[in-house]
Amino acid sequence: MSDSVSFSVNGVAVHLDVDGDRRLLWALRTELGLTGTKYSCGEGHCGACTVLVDGKPVRSCQKRVRDLKGREVTTIEGLETDGRLHPVQEAFIEADALQCGYCTPGMVMEAVGLLRSEPNPSAERILHAMEHNLCRCGAHPRIVSAVAAAAAAMRGGAG
Ligand code: FES
Ligand code: FES
């Protein structure tokens, strides 16, 4: 059975008529054409599909569309402002915090969510917050460094 669901994605109002059990990941990638959000485990374990819902990191492969009524979704495509990348994206580039890049959108969204709620996290806190986002390429040390650098840049007014 199809549900009518209205919510916003990257500041734009969207309206979908889909099975309410459809997962947000597939609505983003298929109905909305936003393929920056990645599918990996599909079971809520890896974090590749992480987006923000009302500013908090959420695994979109687990989120039902029917639970999004009136909520705000932000994906990796929605981070740049006026052609400028988000400071977390800039920090990932600067720290070379990726290899294949498949985990990167989810990592960036997890980090953006963390820094929105905790602008000055300790190194331990960053490690803890990012450890459930998996990187098969072993880029975690550089990812953690990038998140710390982004936090410092954002506190300094860089973004
Ligand atoms: S694809 Fe969603 S957590 Fe792995
Ligand atoms: S950079 Fe390849 S999985 Fe993380």
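The model is a predicted one, in which local features need pLDDT of at least 70 and side-chain atom pairs count only at pLDDT 80 or more, whereas totals for chains, interfaces and linings use all residues. Residues are numbered from 1 along each chain as its sequence is written, and chains are lettered from A and ligands numbered from 1 in the order in which they are written.

Asp 54 lies in the loop between strand S3 (50-53) and strand S4 (56-59); strands (E, at least two residues) and helices (H or I, at least four) are DSSP runs, numbered from the N terminus. The phi of Asp 54 is positive, at about 50°, although the residue is not a glycine. Most residues other than glycine have a negative phi. Asn 10 is placed in the loop between strand S1 (2-9) and strand S2 (12-19). Asn 10 is partly exposed, with 17 other C-beta atoms within 10 Å.

The secondary structure of the protein consists of 5 helices and 5 strands, which follow the pattern β-β-α-β-β-β-α-α-α-α along the sequence. The radius of gyration is 15 Å, close to the 15 Å that the globule rule gives for 159 residues, so the protein is as compact as a globular protein of that length; the radius is taken over C-alpha atoms, and the rule is 2.2 Å times the number of residues to the power 0.38. Taken along the principal axes, the C-alpha atoms fill a box of roughly 45 × 30 × 25 Å. Of the 159 residues, 39% count as buried. Among contacts between residues at least 6 apart in sequence, 60% join residues at least 24 apart, a contact being a pair of residues whose C-beta atoms, placed from the backbone, lie within 7 Å.

The strands form an open sheet of 5 strands in the order S2-S1-S5-S3-S4, with mixed pairing; two strands pair if DSSP finds at least two bridges between them. S2 and S4 are the edge strands, each pairing on one side only. From one strand to the next the twist averages 40°, with axes fitted as lines to C-alpha atoms, for helices over the stretch in contact, and angles running from 0 to 180 degrees between N-to-C directions. Helix H3 (104-117) packs on the sheet, where it touches S3 and S4, and its direction makes about 35° with that of S3.

S1 and S2 run antiparallel and are joined by 8 bridges, with Ser 8 opposite Ala 13 in S2. The pairing of S3 with S4 is antiparallel over 4 bridges, and Val 53 stands opposite Lys 56 in S4. S3 also pairs in the antiparallel sense with strand S5 (residues 72-74), over 2 bridges; here Val 53 stands opposite Val 73.

Val 58 belongs to strand S4. Val 58 counts as buried, with 22 C-beta neighbours inside 10 Å. Apart from neighbours within four places in sequence, Val 58 is in contact with Thr 50, Val 51, Leu 52, Val 53 and Lys 63. The C-alpha atoms of Val 58 and Met 109 are separated by 9.1 Å, the two residues being 51 apart along the chain.

In helix H4 (residues 123-130), Ile 126, Ala 129 and Met 130 are buried. Seen down the axis of H4, these buried residues fall within an arc of 85°, so they line one face of the helix; the arc is that of the directions from the helix axis to the C-beta atoms. Glu 124 and His 128, on the other side of H4, are exposed. The cover of the buried residues of H4 includes H3 and helix H5 (140-155).

H5 has 16 residues and reaches 23 Å from its first C-alpha to its last, close to the 22 Å expected at 1.5 Å a residue, where the expected span is 1.5 Å times one less than the number of residues. Ile 143, Val 144, Ala 146, Val 147, Ala 150 and Ala 151 are buried in H5. The buried residues of H5 fall within an arc of 160° seen down its axis, so they line one face of the helix. What covers them includes helix H2 (87-94), H3 and H4.

Terms used
A residue is buried if 20 or more other C-beta atoms lie within 10 Å of its own, exposed if 12 or fewer, and partly exposed in between; C-beta atoms are placed from the backbone. Two residues are in contact if their C-beta atoms, placed from the backbone, lie within 7 Å.
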